[in-house]
Amino acid sequence: MSDVPSSAGGEIDTDEPDGAAGVPDADDAESGSLDLGAGGPDVGEPYPLEVENLRKSFGGITAVDDASFSVERGSLTGLIGPNGAGKSTTFNLITGMLQPDAGSVTFDGEEITGETPHAIANRGLVRTFQIARELQEMTVLENMMLAPKFQRGEALWRSVTPGFRDDVIEQESELLERVWAVLEFFEIDHIAEEYAGNLSGGQRKLLELARALLTDPDMLLLDEPFAGVNPSLERRLLDHIHELREQGYTFLLVEHDMDLIMENCERVIVLHQGQVLTEGSPDEIQANEEVIEAYLGGNV
Amino acid sequence: MSVRDDLAARIPGGDTGLILSILLIMYAAYVLVGVGLGYSLRGQFNTIAVLTFYIAVFAMLALALNLHWGYTGLFNIGIVGFMAIGIYVMAFVSKPLYQPGGAAQVGGLGLPIIVGMIAGTVAAALVGLVVALPALRLRADYLAIVTIAMSEIVRFSFLSGELQQFRLFGERVGFGGGSGLILDFTNPLEAFFGFFGLWDAYLGFVDSFQVLVPNNPKPVVDGLVYGVVLLVFVAAFYWLLKRTGESPFGRVLKAIREDEDVANSLGKNTNRFKIKAFMLGCALMGLAGILWLMTSGAVTPNFFRPRITFFVWIALIIGGAGSNTGSVLGGAVFAALLYQGPRYLKNLIDAALPNASAPSGFGPAIAPLVSNVDPTPLLLYTIDSIRQLQLVFMGLVLIWLMHNRPEGMLGHRKETAAGIPLTASQARDKTAETDGGTTGGEADE
């Protein structure tokens, strides 16, 4: 038991993320920072995710056409582009849900092109979905307990054999402490026993992010995490993301809301017709004629 | 929902209490109706033995199906095929060697019954693996098509002349083909008690039953004792599947049922989990098939028609997919009310009205009702055709359930997929602890 850093209340690094990207930690003094009790993100390559010449076509349509970009460690990088630019396909190619026709994806210096989604997730590259995909008929706690990687009790024989099951139970209580810590961090502990299907849209988004975090990832790919979320909850989600980024997590974010991207991301990658149109800081992107043209169809 | 749940909550003993009380009510109903109609004690015992038998086999099968469908969302409609594999492989292994001039056309390998039971169970699991490997890559409905096709392939294989008899290690063995396979191994009860050296004690116990059932009590006692053995197997299935469900393994299965892509993107190798769960369920179906048929004296391939698969599905839907307790209840209620009930009713009415003869067809049955407003012939005709009408009743019950309670008796209940309870009381404990934590203290327990 003692090897588990005692969950939430434990070590709060008191450096509140003040100032940084204007995070007002107004309503909650309680949820300080988060210790997942699992070491947090690794520190390795300066660019954990590198995508090179990625290509994917569906029939006659080339959804991703020779896209290359990289994401800097510890950054909050935005991936934008008009509808049909290939953002979701790129996500699916990176996370193994689709196989690319050509090109490569490198994560932490190792090529992961063509690996299965679960293998990629186990490497620490975890995604969330555009439409929150909570596991409806499971409670919030069950949803959360599912996420941690390589649980002992995931081996059937160990879960049913008397004697060995004690190990499983022991790990379950350790995990539960971590789960409570994360639920409290995201302020959804009051709905812990609720079926996930009964949550509001925003709560589902929080649950999805919290669940992804419990897999102990190094990098998170968030597919439109703010779609259908009300402004105050959006603020809360953003605060959490900034806080996690400060702890060293890397984020790649697909989002439609340009203002939100420009205010919050350090780097922005613009996709257009399956290709990387440009990348740079928000200021550079906003001043870029090509981007404006891509978004507004050249009518400016 | 709330009324039933309240009722369930008030029964002492939790799930076990709930199962036992419903069983008790059904047994009481059977006995009371029997007493009311003047059944002999022997008849009563027989009724109870047969009822117990069907309750147990349907409970076992519903439990196994619940692992597939209720937990993992695997649409298996080939249950009966796995049962057939189980009993046929068991018979093949355990039947004595061929003796010319014996009743049996073909022999087996002559190994002990327990070896045969294990072999049959393992064979069902392996066939499950073969079916699962190609089908699990596809979406749910394709698994359904593959499984029902498999169950028919199994039936036709055992019907075929090629497998009827052949030579293995110089012995004449086989599966008997369409004329069936005589199960001429030792009586399983005798083998069981003999193993512990208790066979003589058992025979003494049988003799003491002569007080209640004067002549030849052995078949009656055998039936009752075998029923009890089957109930022990139900308890073992329940124990195993409850542990399976209440574990990280069960949690992944539930996640696969809800959304496989999510489970995958959280790093779970869902194909492996699905194959393991599918094989375990198939093994249990094979074992249930063995237990259903090994005392029946003979098996024919045409027993294994898909209707038994659908009976098991009805049992699971009544009980509530996703709940192990519900599966047992569903199996019991299905066996007592829908499967055995109508036949029992017919026997009782035949016994009570020995002189009433039913009309031979629908015409003669309906004519008196139209001409003299006399419903008796129609009623008698209905009761006489009760076996055929049984399927109609089952259909009506299903339709009613789908409209009024699609989740079954216990389907929507929270059976938490974790090794420890995940409840709000812990939430309060934890909150207290972390409140202490934020103010600087470490509330270690």
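This is a predicted model: local features need pLDDT of at least 70, side-chain atom pairs count only at pLDDT 80 or more; totals for chains, interfaces and linings use all residues.

Visitor: How do you know how the axes of α4 and α6 of chain B cross?

Guide: The axes of helix α4 (residues 79-94) and helix α6 (residues 140-159) of chain B come within 7 Å, and they cross at roughly 35 degrees.

Visitor: What makes α13(B) a helix that is enclosed or in the open?

Guide: A residue counts as buried if 20 or more other C-beta atoms lie within 10 Å of its own. Of the 14 residues of α13(B), 11 are buried, so this helix is largely enclosed by the rest of the structure. Among the buried residues are B:I308, B:F311, B:V312, B:W313 and B:I318, and the buried residues of α13(B) pack against α3, α4, α6, α14 (324-339) and α18 of chain B. Just after α13(B) comes B:G320, which takes a positive phi of about 115 degrees.

Visitor: How do you know that the span of α13 of chain B agrees with its number of residues?

Guide: The expected span is 1.5 Å times one less than the number of residues. For the 14 residues of helix α13 (residues 306-319) of chain B this should give 20 Å, and the end C-alpha atoms are 20 Å apart, which agrees. The 19 residues of helix α18 (residues 386-404) of chain B should span 27 Å, and with end C-alpha atoms 26 Å apart that helix agrees too.

Visitor: Does α18(B) lie in the open or is it enclosed, and what makes you say so?

Guide: The number of buried residues among the 19 of α18(B) is 0, so this helix lies largely in the open.

Visitor: Why is B:A417 called buried?

Guide: The cut-off for a buried residue is 20 or more C-beta neighbours within 10 Å, and B:A417, with 25 C-beta neighbours inside 10 Å, therefore counts as buried. B:A417 is found in the loop between α18 and α19 (424-438) of chain B. Leaving out residues up to four places away in sequence, B:A417 touches A:E142 as well as B:G245, B:E246, B:G250, B:R251 and B:K254.

Visitor: What makes you place the largest nonpolar core where you do, and which residues touch the most other members?

Guide: Of the 187 residues in this core, A:A210, B:V57, B:F58, B:M60, B:L61, B:A288 and B:V312 touch the most other members. Helix α3 (residues 41-71) of chain B gives the most to the core, with 17 residues. Domain 1 (45-134 + 216-300) and domain 2 (136-198) of chain A both give residues to the core, so it lies between them. As for B:M60, its contacts beyond four places in sequence are B:F233, B:V234, B:F237, B:L284 and B:A288.

Visitor: How do you know where the two domains of chain A lie relative to each other?

Guide: The centres of domain 1 and domain 2 of chain A, taken over C-alpha atoms, are separated by 29 Å. The contact takes 4 residues from domain 1 and 6 residues from domain 2 of chain A, and the residues on the side of domain 1 divide into no nonpolar, 2 polar and 2 charged.

Visitor: What makes up the side of chain A that touches chain B?

Guide: In this contact, 43 residues of chain A meet 37 residues of chain B. The largest share of the chain A side, 8 residues, comes from α5(A). By class, the side of chain A that touches chain B has 17 nonpolar, 14 polar and 12 charged residues.

Methods: Residues are numbered from 1 along each chain as its sequence is written. Chains are lettered from A and ligands numbered from 1 in the order in which they are written. Helices (H or I, at least four residues) and strands (E, at least two) are DSSP runs, numbered from the N terminus. A residue is buried if 20 or more other C-beta atoms lie within 10 Å of its own, exposed if 12 or fewer, and partly exposed in between; C-beta atoms are placed from the backbone. Axes are lines fitted to C-alpha atoms, for helices over the stretch in contact, and angles run from 0 to 180 degrees between N-to-C directions. A nonpolar core is a set of buried Ala, Val, Leu, Ile, Met, Phe, Trp, Tyr and Cys residues joined through C-beta atoms within 7 Å. Domain bounds come from an automatic or database domain assignment. Two residues are in contact if their C-beta atoms, placed from the backbone, lie within 7 Å. Ala, Val, Leu, Ile, Met, Phe, Trp, Tyr, Cys and Pro count as nonpolar, Asp, Glu, Lys and Arg as charged, and the others, Gly among them, as polar.
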